[in-house]
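Biologist: Could you take me through how strand pairing and a residue's surroundings are read from a model?

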Amino acid sequence: MDVDREDVSRRLHVKFVTKLDSPFKVPVNSVAIPSNVTRLGLSSIVNSIIESDNPEWKTEPFDFLIDGELIRMSLEEFLLAKGISAERTLEIEYIRAVTPRKEEEPSLHDDWVSAVNGSSPRFILTGCYDSLGRVWRSAGSCSHILEGHSGAISSVALVNSNDAETVTVATASKDRTLRLFKFDPAESVDSTTKVRAYKILRGHKASVQSVSAQKSGNMVCSSSWDCTINLWNTNESTSEGESVSVKKRKGNNQAEESQSEGEAVTSLVGHTQCVSSVVWPEHDVIYSSSWDHSVRRWDVETGKDSLNLFCGKALNTVDVGGEGSALIAAGGSDPILRVWDPRKPGTSAPVFQFSSHSSWISACKWHKSSWFHLLSASYDGKIMLWDLRTAWPLSVIDTHNDKVLSADWWKGESVVSGGADSNLRISSGIAIS
Amino acid sequence: MTKKKKGANEDKIIETKSKNVSGKSQKQKKPVEKELKPVEEGLKEEDLLQESGTDSDYDGDSLPGYLDSDDFDSDFFDSEDDGTQEGTEDGDVEFSDDDALDHEGSIDNEDDDESEQVESDKGEEDGSDEGSERGEAVEESDSSEDEVPSRNTVGDVPLEWYKDEKHIGYDITGKKITKKEKQDKLDSFLATMDDSKNWRKIYDEYNDEEVELTKEECELMRRILKGEAPHADFDPYAPYVDWFKWDDSIHPLSSAPEPKRRFIPSKWEAKKVLKLVRAIRKGWIKFDKPEEEPNVYLLWGDDSTSDQKSKHLTYIPPPKMKLPGHDESYNPSLEYIPTEEEKASYELMYEEDRPKFIPKRFTSLRSIPAYENALKESFERCLDLYLCPRVRKKRINIDPESLKPKLPSRKDLRPYPNSCYLEYKGHTGAVTTISTDSSGEWIASGSTDGSVRMWEVETGRCLKVWQFDEAIMCVAWNPLSRLPVLAVAMGRDLFFLNTELGTDEEQEITKERLHSGNIPEPEASVAAIVTWLPDELYGGIKIRHFKSISSIDWHRKGDYLSTVMASGETRGVVLHQLSKQKTQRLPFKIRGLPVCTLFHPSLSYFFVATRKDVRVYNLLKPGEATKKLETGLREISSMAIHPGGDNLIVGSKEGKMCWFDMDLSSKPYKTLKNHPKDITNVAVHRSYPLFASCSEDSTAYVFHGMVYNDLNQNPLIVPLEILRGHSSKGGVLDCKFHPRQPWLFTAGADSIIKLYCH
């Protein structure tokens, strides 16, 4: 009797609401649930409710939000921590859990996969330590090999995909050059095609660490160990000087007939150490992270840095996204992923810090469409999916056996990653509304 | 009349004696004392006077003169005081009375013939002289010393209390009277010689002053000594008042007159005294020694209650307990009983402020309960008896932490390497040596498996492997970024490897430098030590030494390289010049076995560490060492120099590390003993104030080593972190800082290189 009463007293009246579409909807009725359920319990309750209506329902993990915060503990504790009254009927919003539902076959490379780019929904670009770039149409099917570099590729970027026929990609390499490739992804051939660069960008004095393209595709920027960020033109038309160099190369090597060389349009100088990463999210704004412990925002027109965030750690990666595409996420030589809001006046302290990794962070990427989601890859072999609304990772992808060197979103619902185990891994089925 | 004369004469003799004058008429010369002695001594003198005047220490010269006649004597007195003339007549009047008495006395005193004989010996006297003396005494006021209050007011206390003080007492106003300075004996003697009145001077101990006795006082004393009435005006021979009526009595009680012996000093007594005096003088009678103050005190006595304390002047007795009043009665009047409100207010008070006793009423004695604190107090008493310490100890309670030197918090000294995130795996043997390239992008490592590997710092990727046959002893990147050459030492060979990094132009220069086509002929002096050879294996240059290489160091300009051959003795250190491809010996002699060498980071100094010392040579000035740093270590294993060039760190095989501030001293500024085993290497960061040591105990220590530009401020050394992680077998063999980040690379015998980040 007593037990019963206690049980009753610990029951909460909740109402499940969702913005999801019909198959996921549950009747908007108040249900009494025990207060000690966790996310898993809530998820099974919702699943059972849906299943009662729809017998062909397949169990689906859900995540739950109360007042815009994800539940990561038992409901009781959550209410206590947030000071929400348990008397009235709680309204719990549920979303599909952000977690990969499907792990695709790894695509084996010959060497470490140092760069992954999933900007184009049609293919995945990878850069490898065997100095080759690869284009993967899907898991296990490599359509193009981008060859020409003499050193490990450190970064790949999609330059231009407006053109339906051909796409332009840029690769940065430790041989101090960047190369621009053009290929047609629609070529439906079973065998892989080898592609040679149409343009070689020389000018860096040390390994190029990162490359990023302007939205329009006319320019790319690259960062290097020589502490500079160089901007390059991507068009094929060459000036006189460049053609001369082409002729020279023709004499040396008959195979590189179509290659031209480019020189840096301008250099952004200011960093004092290796510039590890650049992103070019807007027309004339470049963000860069460096081993000199700073994140800078560059104004392309003036060539000056308009923002200088000091972090205290050597940084490996930077990305801009989130709310209004203004939040800066950066990770580096410690296991903490930091997110800054440069719009916030008077402070350079990070607004979010995610610290579930156990080693250096090698990559972080904002989700293209969501304001809240970002991923981070670390040398501890894990990729973590983060939501700004909770300090815990939404999901941990632990498929790599070694360091993860690069990761990116693909098609909005997959995570592609490459690591020191020489594999490209695709984790798909991530439901981000 | 003769009797009178006799008495007067006797008086005269004493007087002359006391004035240091001896009458010629007397049978014996009278001894003279310079100062009047107390009565006891006077007795002795009298004895001398009568018995053995000749043996006295009398000195005739010091006397003012001899009195030849009585007249002269009287003159002497007259001249002294004119006032005495007047009294002479009175004296005469009195004297006649005396005369009468004498007559009467002499009748019975026949048996006392001895005294009579003596008296008869004395010379004739005339009565006027005697009378003048007496009259003088009469006129003198009797209590002169009472009128003059004494200077000192200490009262009747033993003067030895002030023996050791600077003062003798206090005057009437309460001020201290300081002692006079003691006169020199010689001075005082001379003073006495000069002063004719000296014989009358007495030292008054009580007032600490010299008192000059007046003549009257002298007379007074003489009388006392003689046993006479002190005052002259006392008449011993006053006329007898016969109160007895003789007329009626048939048989008188006694018709005998007063016997003479009653008023004459006993001769036999004098003889007895004389005997005693003689005995004392000859030492037959020994007096007891003066009793010494017992120098003991009650050790266990309570100070507050001891007698000594109570005897002391400043003793203040403790206040007596208040007697119980009405309120402490068992049944006090109602007005003593506190009201309810008062009781309540007592409850609110602090324990200390609350009154100790609150009156209570009991109707009868029987109803009084037992003392409530009885048990508690008896318990406390028991604890007292057990010497149970219950009060707070007065022991100084020093927190051991507070004795530690004040060091800044580690948090304030960030960044420093503290956790390992990256490992560089690939070697199959113990990694003996690592070196970072100047940009910090690459590191090179050498291992006992004979391989030299080049790693990408950022990812831990091994980029290049050079395989050799021998275990690698040393690798060193050329400090110039434009000359990406790696020097590798193994066994007796030194290789220059082209890392194939850098731009194309840089590569061309590098290849040119490492071109082995035209190696010049070696100079004769070094031909026996080294040979430059082309390296067939990797197309560079190799230098073959005559002994195995133990250590190498690049000069900052990247052209010179020093190699150390530990067993090479005096030829153990050579300098190679890469651009000219030649070798030279050091322009100075090395004493002892060289262990490692260092180039100064900015000047032309060259450090050579032998097993026990570090010597600093100037490369431009050949000759002796400019400085010798005494480490005090048993065996030096490694050293590193601060980029400023003034501070040197030396690691030793006994686990000690010395920090030398070369501006300060040739002795270590600090010696740090941290490692239980050999220190294998030490490193200093190029830009951050950090230094590190690694040891065979498989730990690496990171220190904060701040060097200030201010010469007055000594370097600040703070231990920061112990870096563990390498497996315990073999320890950590090398450590190097990242050139730009506060990171530390450690090479372990477990074939792993670790990167510790901040």
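Modeller: Let us start with a turn: in the hairpin of β9(A) and β10(A), which has four residues between the strands, Ser131(A) takes a positive phi near 65 degrees. The model is predicted, with local features needing pLDDT of at least 70, side-chain atom pairs counting only at pLDDT 80 or more, and totals for chains, interfaces and linings using all residues. Residues are numbered from 1 along each chain as its sequence is written, chains are lettered from A and ligands numbered from 1 in the order in which they are written, and side-chain values use heavy atoms, without hydrogens and water.

Biologist: How many bridges join β9(A) to β10(A)?

Modeller: Strands are DSSP runs of E with at least two residues, numbered from the N terminus, and two of them pair if DSSP finds at least two bridges between them. Here β9(A), residues 124-128, and β10(A), residues 133-138, run antiparallel and are joined by four bridges, with Leu125(A) standing opposite Val135(A).

Biologist: Which residue of β11(A) is the bridge partner of Val135(A)?

Modeller: That partner is His144(A), and β10(A) pairs with β11(A), residues 141-147, in the antiparallel sense over five bridges. Two residues lie between these strands in their hairpin, where Gly140(A) in the turn has a positive phi of about 85 degrees.

Biologist: Is Thr266(A) buried, partly exposed or exposed?

Modeller: Buried means under 20% relative accessible area and exposed over 50%, with partly exposed in between, using a 1.4 Å probe and protein chains only. Thr266(A) is partly exposed because its relative accessible area is 30%.
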